[in-house]
Amino acid sequence: MNENYSVIGKSVPKMDGRVKVTGQAKYTGDLKFPNMLVGKILTSPHAHARIISIDTSKAEKLPGVKAVITHRDVPSLKYGISPARWDENIFCIDKVRFVGDKVAAVAALDEETVYRALKLIRVEYEVLPAVFDPVEAIREGAPRIHDEYPMNINTEIHQNFGDVEKAFAEAHHVRTDLFMGQRTYQCPIEPHSAISIWEGGKLTVYSSTQSPHYHQYYIAREFGLKMGDVRVIKTFVGGGFGGKLEPTGLEFAGAALSRITGRPVKMFYDRHEMFAHNRGRHRQIMEVTTGVDKNGKILGLHANFIMDGGAYTSLGIASAYYAGAMLTLTYDFENYKFDMIRAYTNLPACGAQRGHGAPQPRYALEAHLDMVARDLGIDPLELRLRNARQPNTITPNEFKVNSCELTACIEKARELSGWKQKKGNLPSGRGIGLAVGSFVSGAGYPIYRTNLPQAAAIIKVHEDGSAATLYTGATDIGQGSDTVLCQMAAEAMGYFYENMKIVSADTETTPHDFGAYASRQTLMSGSAVKQAGEEVKQQLLEMAGEMMELPPGELDCREGIVFSKYSPEATRTFAEVAREFFVQKGPLVGRGSYTPPKLGGKFKGAPVGTSPAYSFAAQISEVEIDGETGQIDVKEVWDVHDCGMVINPALLRGQVHGALFMGMGESVWEEVVFDKNGRILNGNLGEYRMPTAVDMPKITSELVESYEPAAPWGVKEVGEGATIPTMGCFSNAIYDAMGVRVYSLPLSYEKVWRALKEKKEMESGLKSAAGRIYDKC
Amino acid sequence: MYLPDFDYQSPGSLKEACQILAAFGSRARVLAGGTDLMIKMKHGLLAPDVLVSLKNISQLAGIGYVQGRGVVIGARATHNDLVNSPVLQKKYLSVCEAAHHMANNQIRNVGTVGGNIVNAVPSADLPPILIALNAAVKLVGADGERELPLESFFTGPNRSVIGTDEILSEIVIPDQTSTGSTYMKFGLRRSGALAVVGVAVAVTVAGGVLKEAKIALGAVSPTPMRAVKAEELIRGRAVTDELLEEAGVCAAGECSPISDIRGSKEYRQDMVRVFTRRALRRAINEGHV
């Protein structure tokens, strides 16, 4: 690692490792308050139905029940995380739109009573025809899910850069493929949970959240409260992966119940309810057309997609734009057309899941490009090298790419995996596949329009200089931002990681930050922290200058020692200088904030996909397929990342492993399945099959040398980028092994078996046809 | 997802347990490992008034060899008890292996062999291998006890011949003439997956000829089933790859799987073909594994 640094670039132990491993860490569900009630939401059993009446009288009379509420008891203001389409109510007013839509809520003394009370609420429904497929949903005559959205079109995008038609006309080869994605769900290990305490005019919410800020903003808006009167506190969080970014309904219902009862109310989802609340990956139908010259250089690309949004918008507008926007990052071409319809259906609403809208389209493009390479007789890895984006370039949709070591990633993955020796030489049933990807290091613009900075930080040095506390709104949901940001703070201050304390993600005590999404915190929150640390150091050096009778410009501080750059024997400790500062001037505090430069073009949807910096990755996987069963045995995966300077290598590898785990699950196993009435068939961890520890292959996670000029210490993202190439990478490895292409996700054993069977039948059909011709001769 | 109220009894003897069961009839359920029962109760699928725990009935624990009877497995033995039993490892490693591929380690530590059988789930992993090995089950009731072949125990999904006052007390694997046995499970991931297809076989091979073969299938009919036609087809014939493939094709034709979220009927049938052939080959070549 770089010896210019003493704290960053090292795998220091995780801040919260000990309390988590010993079970001391308190998650929202572990918290108890005096007089706390338990609340639960009643949901719809129908996919689409008009609410005729709701009778809560029996439930209200049940001993132990303290409140039963419906839409009549809460604000009717519509909300959503995407301001352009606020389409959700706290409780349904006229209609329910999916199995699991929120209808009423109960607060009672204990959990048992709550469940009993829910059963006593009588809701009379008039069942309406429902639609579950996005293609059917946008047909004439389909049931209309929201009055405001004709043809069930939630979002429609038509972007056109350069001249794709001309590029195709001039191309040596044009190919079109159609791919199907699937619905997946994040499945964080910790269920969503919130405790709401409404006292006087103030509402405090403890929440399992990825963004205290967005929760605070939307809760205040919904109840007409001042932001300052809503305090959202993140506890320890057991994973989010995109699903805990927006208010979950638990906060709204809990707040209303707490206001009515005057008592704290704890609310939570069980595992099945988590699947029903969803906000997971959109299922996309993806038609991809590419025109290439005879050397495989991409001349133009047309992405024509439809996505199943489910019953509400959630983060889906962004998902829809991301789906197309991110395809331009990895390859250098000028002509790009992107068409997308996000349709409403009577299924749970989809949102952002690790990689947001990008992984499924990336699967489609990477599988498609392998077919293009085959058509041209070019090695698929070579085709990627010929098209790979270079540093300091601009994409057709006007994303400015600074650092970009994609070529080096591909080349290193080629060497590590033994691609040259293996490609075409593996025994029957074995295959090797490659795919690449790229992701934002933070979204260029916040989710709602505001000129607040992206991130802010305060560092307070303790009176005697023996510790320093970082106050940040950045949100650690398990990925390790508390640790990384304390490393960055200590580095900037010239201090020790071991002496750092942190207070994070509490809207009352920590400065504003938008939270954990779009892989933003290391770059964006890190920028604010670095600035705060430098401000502390500046003040410290000035104080030291007075104490040492040296000009501050001659001094520096590192690892807790202030020293003269010119006469190294002249030193003071950080602690004694900090103490003196406090005695003479009061608290030693540093402040920082970060606002990205203005990014992106002027066309409609231009902000989505903008970022100060982009990560790049190449993934190669080797698989073995059982030719009789279709079973896929993943032998090994190599991930090579360009993620700039690395603050904590161990945490980085943890992110790569985790992202790959999710990507693998989505590639081969995971899919949320519904019956014909829109009810989830596998809302549990037995039948929604995520990989287990024993399913994981050997993983090699490597890096290439890279430095991002737009970021503090040259950092970039890694948390989501490693999910993006995985599905395409497996599709290509399976094709290499067996010569069959599965055009839909997941690439399940049965689909591979079927594809092999069809291939065999076709070959034997061809053979017998050939035999018949031979007979005639 | 809340466990409803129930009374809890933990009698010290089988007799007492059966009397309680007889008194409460269908309002009582037997609690062994609880890995299935607790979930069903939490989901409101079952709401018994009384749970009769077997945990204080010591005679239900243990796995041992009894001269003249065979290997006797107490119904309360957990799956990991089966996996780790020296007697089973020595005589029928195939049973240990079948138990080892069930569910996940947490469940294997708690779930019991008796529960796995009495639940009568078509995809259960232990019945096929036990049926292939000719196992019998002993049922103890308030008015006496009976022993019957495991094969005739099941009557449908979640249904069996057991009476409301009866407790399955032990499983007996009689001494074998078979030379090899195995169970092959095809699930959709390496751990924590139910069988899409399970195939158990027991074979008696002498001089390259299949003197006797038993093929038992799981997850492809309402109850675990024997593929008797396939057994007949190969009985007395010399072992060849073609013969074993024929047996697979025949077994695939005999079963009647349904299509569900784990696999289509067509896929399951073809997997019966594949795994019948593979299981026969393994048992023939490797013995009880």
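This is a predicted model: local features need pLDDT of at least 70, side-chain atom pairs count only at pLDDT 80 or more; totals for chains, interfaces and linings use all residues.
A contact here means heavy atoms within 4.5 Å.

**Entry 1: chain A as a whole**

I looked up the contacts first. Among those in chain A between residues at least 6 apart in sequence, 79% join residues at least 24 apart. Next I checked the secondary structure and found 19 helices and 28 strands in chain A.

Then I turned to overall dimensions. The C-alpha trace of chain A spans about 105 × 75 × 50 Å along its principal axes. I also compared the radius of gyration with expectation: a compact globule of 777 residues would have a value near 28 Å, and chain A agrees, because its own value is 28 Å.

**Entry 2: surface and charge of chain A**

I asked how much of chain A is buried, and 63% of its 777 residues count as such. The accessible surface of chain A comes to about 27,900 Å², and carbon and sulfur atoms account for 52% of that. For charge, I noted 86 positive and 93 negative side chains in chain A. The centres of these two sets lie 3 Å apart.

**Entry 3: A:Gln487**

I picked this residue out of helix 14 of chain A, which covers residues 481-493. Is A:Gln487 buried or exposed? Its relative accessible area is 0%, and buried means under 20%, so A:Gln487 is buried. I then listed what A:Gln487 touches, leaving aside residues up to four places away in sequence. Among them are A:Val7, A:Ile8, A:Gly9, A:Lys10 and A:Val12. A:Gln487 also touches A:Tyr497, A:Ile647 and A:Asn648.

**Entry 4: helix 18 of chain A**

At 1.5 Å a residue its 13 residues should span 18 Å, and the end C-alpha atoms are 18 Å apart, so the two agree. I found helix 18 of chain A mostly covered, with twelve of its 13 residues buried. The buried ones include A:Cys729, A:Phe730, A:Ile734 and A:Tyr735.

**Entry 5: a look at chain B**

I finished with B:Ser26, which sits in the loop between helix 1 (14-24) and strand 2 (28-31) of chain B. Its relative accessible area is 65%; exposed means over 50%, so B:Ser26 is exposed. I also checked B:Ser26 against B:Leu51, 25 residues apart along the chain, and their C-alpha atoms are separated by 11 Å.

Note on methods:
Residues are numbered from 1 along each chain as its sequence is written. Chains are lettered from A and ligands numbered from 1 in the order in which they are written. Side-chain values use heavy atoms; hydrogens and water are left out. Helices (H or I, at least four residues) and strands (E, at least two) are DSSP runs, numbered from the N terminus. The radius of gyration is taken over C-alpha atoms; the globule rule is 2.2 Å times the number of residues to the power 0.38. Buried means under 20% relative accessible area, exposed over 50%, partly exposed in between (1.4 Å probe, protein chains only). Accessible areas come from the Shrake-Rupley method with a 1.4 Å probe; for residues, only the protein chains shown count as cover. Lys and Arg count as positive and Asp and Glu as negative; His and the chain ends are not counted. The place of a charge is taken as NZ of Lys, CZ of Arg, CG of Asp or CD of Glu. The expected span of a helix is 1.5 Å times one less than its number of residues.
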